[in-house]
Each structure stands twice: as C-alpha cells, then as structure tokens.
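Here is a quick walk through a protein model, one spot at a time. Keep the structure open and follow along.

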Amino acid sequence: MNPPEFKEKFKKKYSKLLGDELETFLEWSLKPLQKTIRVNTNKITRKKLITLLEKKGWTVKPLKYYENGLKISNNNTALGNTLEHFLGYYYVQESASMLPPIILNPEKNESILDSCAAPGSKTTQLSMMMENKGIIVANDVSIGRVKILSSNLQRTGCENVIITRNTATSFHVRQNEFDKILVDAPCSATGAIRKKYDIIRQWNENTPIKMCGLQKQILYSCLQALKKGGELVYSTCTLEPEENENVVNHAIKKFGVKLLPAKIKGFKTRPGITNWDEEKYDPTIKKCARIYPQDNNTEGFFIAKMKK
Ligand SMILES: C[S@@+](CC[C@H](N)C(=O)[O-])C[C@H]1O[C@@H](n2cnc3c(N)ncnc32)[C@H](O)[C@@H]1O
C-alpha cells in the first residue's frame, strides 16, 4: 500500500523540531519496521528459544542494547502464528517499546502499577523482569483491550499480575501505595507511523493539545499513588512536544518531581527539548529521552523517568 502524503502542517511542525533532518525523519517514518520479539524468561531461556527458532530456519540476532530482544528475519511463518508464540515463549514487541520497563527497572517483591497496560507488552515484560514475584496492578480503561491483556498474561504465564479496569485518572484514591509506576500513556502515536500509515492521515494539529489534558491528569493522579521516594516512568510513542516535555514540565511544576536520566547503554537517544512555542520548560527536561526512528531503526518514542 502506498503511504499517504504528509500534511504540510505536519512537515512544518517537525522541521521546527528537526531542522535539516526533517527529510531523513520522514523517510525513516515510512520504512517497514524490523521484526523483533522479546524472549519470555517466565517460560523459557533465551538460549533454548534461539535454538528452537533457528531449527525452523529463522535468522535470529540479539539486539545490542537488550539481551532478551531478538531481531528476526527469514521467518517463513508470521511471528504471531507459531506454536512457540502460542506457548508464550516469546512476545512480539517492537524494540523501542521494550525500553520503558528497562528504564523503570522493577525489582522482585516491589509493588508496581502499570496504569495504561493493554494489550500488555510492557506488563508481561515487567512481570518477567520481576521473575513473577512481587505484585503488578495492570490497569486499562478499555474493556476490549483488557480482554486481550488478560489472554496475553495467561499465555505468557504472568502470575504476579492483577487486572483492573478504571480510568487512570482515578489512582489518586490510592495515595503513596506503589513502589514504581509505568504510565505508558494514550497518545497521537506519531512515532508509530512505521507500524500504521493511517496515523499520517489522522494527524491534525489539535490532537496533541487535546491529548495532553488527559495525559496530565493521568500523570498527576498516578504520581499521588506513588510512594515517597518511588519512581515513575512516563512514556509515549509520539514525538509531539505538547504530549511529552509539556506534560513532564507540568508534573515538575505542580508536583515537584525530580527527573532522573532515561538512558539505555548502546542505544542512541536525544535530550528532551526545553523550549517550544515560546514556552520555556524546566532545564532538567534534558534528562528525558527522545527516540527518533532514524537513530536506532525503531519506532519513535519519548521516555521520562521521575522520582517523587
Ligand atoms: C499506548 S497504549 C498502552 C500500551 C501498553 N502499555 C503496552 O505496552 O502494551 C495506551 C493505552 O491507554 C489506554 N487508555 C486510554 N485512556 C485511558 C484512561 N483514561 N485510563 C487508563 N487507560 C487508558 C488505552 O486503552 C490503551 O490501551
């Protein structure tokens, strides 16, 4: 399918962000994504899974920046249509989407809230990082998506997860309760154009302004549910400053959170921006990570890590 044309207003906005790298960004936004999966160590070791997949004739190469992330090529079957997938030995997950859980770094026996969790790529990753110990509350507002979350949790053998269906704007009723929180927020998804060209068609300049109201409410509510000294990762698959740095700036101003570096060894990130539309953001926002598709051959993402 031929991709739709990028709108002029989109190009103008992204040239403000990227300058003479605009064309490279647009070009990379249209390239097919590399196929990646995440080993589910709840069920199998990385070595055993690689052996099984190579026996099928697949080419399997580990990601440089995450040992449980595997690049797949020469697969003669769709990644989601194998016995190994059905048995929960791996999760089909885009490589940039593996980063927010790594940056949150959950530990065994902690209490974790995954506030916008469905369909569960990151919940299942958090669960395996915790070796199925501790407790994860996996929440999503959408009943249809919660059903998929539930079946993914069962398939991948995640036994330390409780599902809730609420708006994530309501978590302030659970004051100071969680050690760590992931807010993988609903967003305009301009980083995910490689996965879904329709995002080009659907984009309009007002969406980020509408989205950031909900994102600020979710983040503010979740920060109240975080223990003092606890850590929260805010992530989106959009590159819109209104939904990223602007939301984080709001949390710094209203809640006094401190930012921690959002870094992954061996993975190129760019600092959060501190000026947008004549607004100056807190200078520590440089600690956030902007992830452009052209930098590591992934989706675009934004990740901020904060401490209460
Ligand atoms: C980016 S997706 C989450 C992806 C998920 N974290 C994963 O890794 O598989 C955003 C999710 O937010 C959910 N959502 C939208 N509004 C919400 C709200 N007010 N409260 C909780 N979840 C919400 C959507 O249903 C969607 O599943």
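## The loop with Pro 119

Pro 119 sits in the loop that links strand S5 (111-114) to helix H6 (121-129). Helices (H or I, at least four residues) and strands (E, at least two) are DSSP runs, numbered from the N terminus. The peptide bond running from Ala 118 to Pro 119 is cis, its omega near 5°.

Pro 119 is also one of the residues touched by Asn 152, along with Tyr 91 and Thr 124, leaving aside residues up to four places away in sequence. Touching here is contact, meaning heavy atoms within 4.5 Å. Asn 152 itself belongs to helix H7 (residues 143-155). With 11% relative accessibility, Asn 152 counts as buried. (The cut-offs: buried is under 20% relative accessible area, exposed is over 50%, and partly exposed is in between, with a 1.4 Å probe and protein chains only.) Asn 152 and Thr 82 are 70 residues apart along the chain, and their C-alpha atoms are separated by 15 Å.

## What you are looking at

This is a predicted model, so local features need pLDDT of at least 70 and side-chain atom pairs count only at pLDDT 80 or more, while totals for chains, interfaces and linings use all residues. Residues are numbered from 1 along each chain as its sequence is written, and side-chain values use heavy atoms, with hydrogens and water left out.

## The two sides of H3

Which residues of helix H3 (residues 46-55) are buried? They are Leu 49, Ile 50 and Leu 53. These three cover an arc of only 100° around the axis, which puts them on the same side of H3. (The arc is that of the directions from the helix axis to the C-beta atoms.) An α-helix has 3.6 residues a turn, so residues three or four places apart point the same way.

The buried residues of H3 pack against strands S1 (35-39), S2 (59-63), S3 (66-73) and S4 (90-92), and against helix H4 (83-86). On the face turned away from that buried side, H3 carries the exposed residues Lys 47, Lys 48 and Lys 55. Following H3 comes Gly 57, with a positive phi near 95°.

Lys 9 is part of helix H1 (residues 8-18). Not counting residues up to four places away in sequence, Lys 9 touches Trp 203 and Glu 205. From Lys 9 to Asn 204 there are 195 residues in sequence, yet the C-alpha to C-alpha distance is 8.2 Å.

## Two loop residues with positive phi

Asn 176 is not a glycine, but its phi is positive, about 50°. It lies in the loop between strand S7 (161-164) and strand S8 (178-184). Is Asn 176 partly exposed or buried? At 32% relative accessibility, Asn 176 counts as partly exposed.

Asp 277 also has a positive phi of about 50° without being a glycine. The loop that holds Asp 277 runs between strand S12 (275-276) and strand S13 (279-280). Asp 277 counts as exposed, at 51% relative accessibility.

## The whole chain

Stepping back, the protein chain's secondary structure comes to 11 helices and 15 strands. Of its 308 residues, 56% count as buried. Taken along the principal axes, the C-alpha atoms fill a box of roughly 55 × 50 × 35 Å. Among contacts in the protein chain between residues at least 6 apart in sequence, 75% join residues at least 24 apart.
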